[in-house]
Amino acid sequence: MKFKMNQPELSSFIKEEAHKLGFDLVGLAQAGPFEETQARLLEHIEQGRIAGLAWFNAERARFSCDPANLLPGVRSIISLGMSYLNEAVEPEVIPGRPRGKVARYAWGQDYHTVLKARMEKLFERLKAHTGQTEARLLVDTARIVDRSAAQRAGLGFWGKNTNLINRRFGSYFFLAEILTDLELEYDPPAWGTCGRCTRCLDACPTEAIVEPWAVHNDRCISYLTIELKGAIPLELRPGMGQWVFGCDICQEVCPYNKKALLGQHAEFQPASPDDAAPDLLAWLRMTETEETFRPAFRGTPLLRPKRAGLRRNVAVALGNAGDPATLPDLQAALAAEPDPTVREHLEWAINRITAAQAE
Ligand code: SF4
């Protein structure tokens with residue numbers, strides 16, 4: 001059955017239904033091109049700051065800055081946010097078993113699946129009320145500039161670390177969008193400021209935030225541990241510490257996150273403390289072969305760097321942990337490892353630990 005609703009009623013309906021489905025944030029924006037964002041992205045590309053992502057070129061930037069490229073006739077963007085901030089995890093400390101670090105967003109289930117399922121329900125409810133069929137449902141795709149859309153829809157302002165910051169939820173939230181040809185009542189863009197704070201710039205161990213609002217992506221630990229194929233540059237390895245998948249440093253130091261509300265979504269809780277702070281020697285074993293790797297990480301975002309990428313990251317984290325008790329496992333892993341890139345990282349870890357021991 002279709003109901004006649006005016007724009008304000010329809011807009012309120014969308015927000016209520018989105019909240020009922022568990023979205024913490026919902027805002028509505030007009031779907032015109034993002035000209036300022038396009039100019040900024042083109043400048044970043046020209047300056048080589050997105051060099052690590054060869055596919056994100058000027059053509060892609062122009063495409064992603066106009067939602068009409070994704071849905072001809074689009075009028076509105078329903079911008080959705082879901083917090084993934086959980087209680088801190090306190091893993092057991094076991095001598096000789098150093099732990100790695102996984103970025104918070106990957107502690108639980110794959111957010112693409114979780115958000116997409118809820119967006120589909122939201123769209124079904126919208127369709128039932130309006131008869132509308134033209135829409136695109138997007139979760140974390142570079143085919144739209146999702147942070148700019150969310151800023152326009154009032155969800156958050158740009159922090160100097162380039163994350164979007166919401167005054168209640170900080171920056172630990174996932175974004176998703178529904179593009180629709182419906183006319184809606186729009187929210188004002190988000191406004192906010194970092195003031196004189198530069199904590200994220202000062203804290204980044206690889207100096208990836210080269211100036212406020214500008215991250216050099218091929219220095220960023222998130223890029224190095226997830227997107228980068230092949231060898232991690234030697235000069236950046238020590239700064240990576242024990243991060244094996246992603247990095248939260250520029251968010252952890254942010255004052256807005258210190259007072260952020262905790263998310264209430266069980267899907268993003270780690271099933272065990274090991275999912276947030278893995279036992280590195282256990283992960284060294286779990287990444288030995290495709291047969292050990294796939295079942296261990298199925299259904300999680302940790303499949304993204306693939307077996308060789310994750311094993312390479314574990315080797316760097318073990319090297320940085322510097323615990324001589326891990327040397328026999330590293331040496332055994334090296335003896336059995338066929339992949340030349342992984343071998344080189346295992347050797348680096350062994351050399352780093354033995355050099356520190358000699359000192
Ligand atoms: Fe802005 Fe400070 Fe947060 Fe960085 S740490 S995003 S400068 S408030």
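Analyst: Lys-258 is exposed, with a relative accessible area of 58%; exposed means over 50%, buried under 20%, and partly exposed in between, for a 1.4 Å probe and protein chains only. This is a predicted model, in which local features need pLDDT of at least 70 and side-chain atom pairs count only at pLDDT 80 or more, while totals for chains, interfaces and linings use all residues. Residues are numbered from 1 along each chain as its sequence is written, and side-chain values use heavy atoms, with hydrogens and water left out.

Lys-258 is part of helix α9. Helices (H or I, at least four residues) and strands (E, at least two) are DSSP runs, numbered from the N terminus. Setting aside neighbours within four places in sequence, Lys-258 has contacts with Glu-252 and Val-253, where contact means heavy atoms within 4.5 Å. Gly-170 is 88 residues away along the chain, yet its C-alpha atom is separated from that of Lys-258 by 8.0 Å.

The residues around the ligand are Gly-159, Lys-160, Asn-161, Ile-165, Cys-194, Cys-197, Arg-199, Cys-200, Cys-254, Pro-255 and Tyr-256; a residue belongs here if one of its heavy atoms lies within 4 Å of the molecule. By class, this shell has 7 nonpolar, 2 polar and 2 charged residues. Ala, Val, Leu, Ile, Met, Phe, Trp, Tyr, Cys and Pro count as nonpolar, Asp, Glu, Lys and Arg as charged, and the others, Gly among them, as polar.

In the loop between α6 and β8 (209-211) sits Glu-207. Its phi is near 55°, a positive value in a residue other than glycine. Most residues other than glycine have a negative phi. Glu-207 counts as exposed, at 57% relative accessibility. Trp-213, in the loop between β8 and β9 (214-215), also is not a glycine and has a positive phi of about 70°. Trp-213 is partly exposed, with a relative accessible area of 40%.

Now the helix packing. Two packed helices are described by the angle between their axes and the distance between the axes. The axes of α13 and α15 come within 8 Å and cross at roughly 5°, and therefore α13 is roughly parallel to α15. Axes are lines fitted to C-alpha atoms, for helices over the stretch in contact, and angles run from 0 to 180 degrees between N-to-C directions. Angles under 35 degrees count as roughly parallel, over 145 as roughly antiparallel, 65 to 115 as roughly perpendicular and the rest as oblique. From α13, Arg-311, Ala-315 and Leu-318 are among the residues that meet α15, whose side of the contact includes His-345, Trp-348 and Ile-353. The residues of this contact of α13 with α15 divide into 9 nonpolar, 3 polar and 3 charged.

Helix α12 (residues 290-297) meets α13 at another angle: their axes come within 10 Å and cross at roughly 85°, so α12 is roughly perpendicular to α13. Here Glu-290, Phe-293 and Phe-297 of α12 meet Lys-306, Arg-307 and Leu-310 of α13. This contact of α12 with α13 divides into 3 nonpolar, no polar and 3 charged residues.

Helix α14 (residues 327-336) has as its buried residues Leu-327, Leu-330, Ala-333 and Leu-334. They lie on the same side of α14 because they cover an arc of only 125° around the axis, the arc being that of the directions from the helix axis to the C-beta atoms. Their cover includes α11 (280-286), α13 (306-321) and α15 (340-358). Pro-328, Ala-335 and Ala-336 are the exposed residues on the face turned away from the buried side. Of these, Ala-335 has a relative accessible area of 70%. Ala-335 is 11 residues from Leu-346 in sequence and 9.8 Å from it in space, C-alpha to C-alpha.

Two buried residues complete the account. Ser-11, in helix α1 (residues 7-20), is buried with a relative accessible area of 2%. Not counting residues up to four places away in sequence, Ser-11 touches Leu-28, Leu-184 and Glu-185. Arg-99, in the loop between β2 (76-83) and β3 (101-102), counts as buried at 17% relative accessibility. Beyond four places in sequence, the contacts of Arg-99 include Glu-92, Gln-242, Asp-274 and Asp-279. Arg-99 and Ile-77 are 22 residues apart in sequence and 41 Å apart in space, C-alpha to C-alpha.
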